[in-house]
Amino acid sequence: MASKKIKNCSWVLLIPIYLFTLIFVFAPLVYMVILSFMGRAEVWGFVPEFTVDNYKRILEPLYLNTFVDSLKLAFSSTAAIILIGYPFGYFMARMPLIWKKRMMVLLMIPFWTSSLIRLNGWIIVFRSNGVLDKILMTLHITEKPLKLLYSYPAVLVGMIYALVPFMILSVYSSAEKMDWSLVEAARDLGAGRLQAFVSVTLVHTLPGLLSGIILTFIPSMGLFFIADILGGNKIVLVGSVIQEQLTKGRNLPFAAALSVVLLVLTSLFIGLYRKITHSGELEGIY
């Protein structure tokens, strides 16, 4: 009897979670999908008539190129984040406990301030005759100021700066759980450093690496405010187009269609991640 009462109580406790998910997650998604098939009103809102013109418009070169540019930036920033974040998280897991805590605090400090304030700080670095220009000219690397602000490299650096902590923490959480004696055993059996790293360390930290890729790749496609701050009008992402349609264009159905396509793309990558993490190779790790 007691166990049945506990089960009944557990279902009652789950009701608020289901209600929250239904009202604030599922219902807005359904509304967005329905809105994407509506017509545009003359001033604001939508006309309740079914149409696929919004999705046909996405196939125009202007908007297709925006999706392509967003994917290129996402792949570029994710690749750079892997090169920076994976070694950082790996060596952080090998540090003594006191240094792990110190490095964790250093990673958390940037989150104590607004991301907009931190990104505006990069304007001071990248602007003409800014901090970076003065350092480069002092070292006689450059002779005149560089035009780095409002460029693709500036946006790429902003993406890396904003998202690399997620990669570091994901890799760190996997590397910290590793049994390092397996690496020593591989070396004792004749494996070189590279072979032991690929066959043991990389395999055991792959779940964290894949989690970090998901946490960095998907947001990098929609973080339009980074492109707006550091790229100006030169770098346009899908998120920027959606914002423009909501504010200036006042085309809610087209903005919804863009959002649905972006949601489908990100869902495909999440599905690919789940398929890889549930493969037999990774299941053997656990």
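**Entry 1: the model.** I am working from a predicted model, so I keep that in mind throughout.

**Entry 2: helix 11 and helix 12.** I looked up how helix 11 (residues 238–247) sits against helix 12 (residues 252–277), and found an angle of about 160° with the axes 8 Å apart. Angles over 145 degrees count as roughly antiparallel, and therefore I call helix 11 and helix 12 roughly antiparallel to each other. I noted their crossing as left-handed.

Next I wanted the residues at this contact. From helix 11 come Val238, Val241, Ile242, Gln245 and Leu246, and they meet Leu252, Phe254, Ala255, Leu258, Ser259 and Leu262 of helix 12. I sorted the residues of this contact into nine nonpolar and two polar, with no charged ones.

**Entry 3: aromatic pairs.** My count of aromatic pairs came to 14. I picked out Tyr90 and Trp180, whose ring centres are 5.7 Å apart with planes at 70°, so I have an edge-to-face pair here. This pair joins distant parts of the chain, 90 residues apart: Tyr90 is in helix 3 (residues 61–94), while Trp180 lies in the loop between helix 7 and helix 8. I checked Tyr90 for burial, and it is buried at 14% relative accessible area.

I also looked at Trp122 and Tyr161, again edge-to-face, at 5.5 Å centre to centre and 70° between the planes. Trp122 belongs to helix 5 (residues 115–126) and Tyr161 to helix 7, 39 residues apart. Trp122 is partly exposed at 22%, and Tyr161 is partly exposed at 28%.

**Entry 4: a ring cluster.** Last, I found Tyr86, Tyr90, Phe91, Trp180 and Phe197 linked by ring pairs into a cluster.

Definitions and conventions
Residues numbered from 1 in each chain as written. Predicted model: local features only at pLDDT ≥ 70, side-chain atom pairs only at ≥ 80, totals over all residues. Heavy atoms only, no water. Axes fitted to C-alpha atoms, helices over the stretch in contact; angles between N-to-C directions. Helix = DSSP H or I, 4+ residues; strand = E, 2+ residues; numbered from the N terminus. Parallel < 35°, antiparallel > 145°, perpendicular 65-115°, else oblique. Left-handed = near helix turned anticlockwise from the far one by under 90°. Contact = heavy atoms within 4.5 Å. Nonpolar A, V, L, I, M, F, W, Y, C, P; charged D, E, K, R; others polar. Phe/Tyr/Trp six-rings, centres within 6.5 Å; stacked < 30°, edge-to-face > 60°. Buried < 20%, exposed > 50% of the residue type's maximum accessible area, 1.4 Å probe, protein only.
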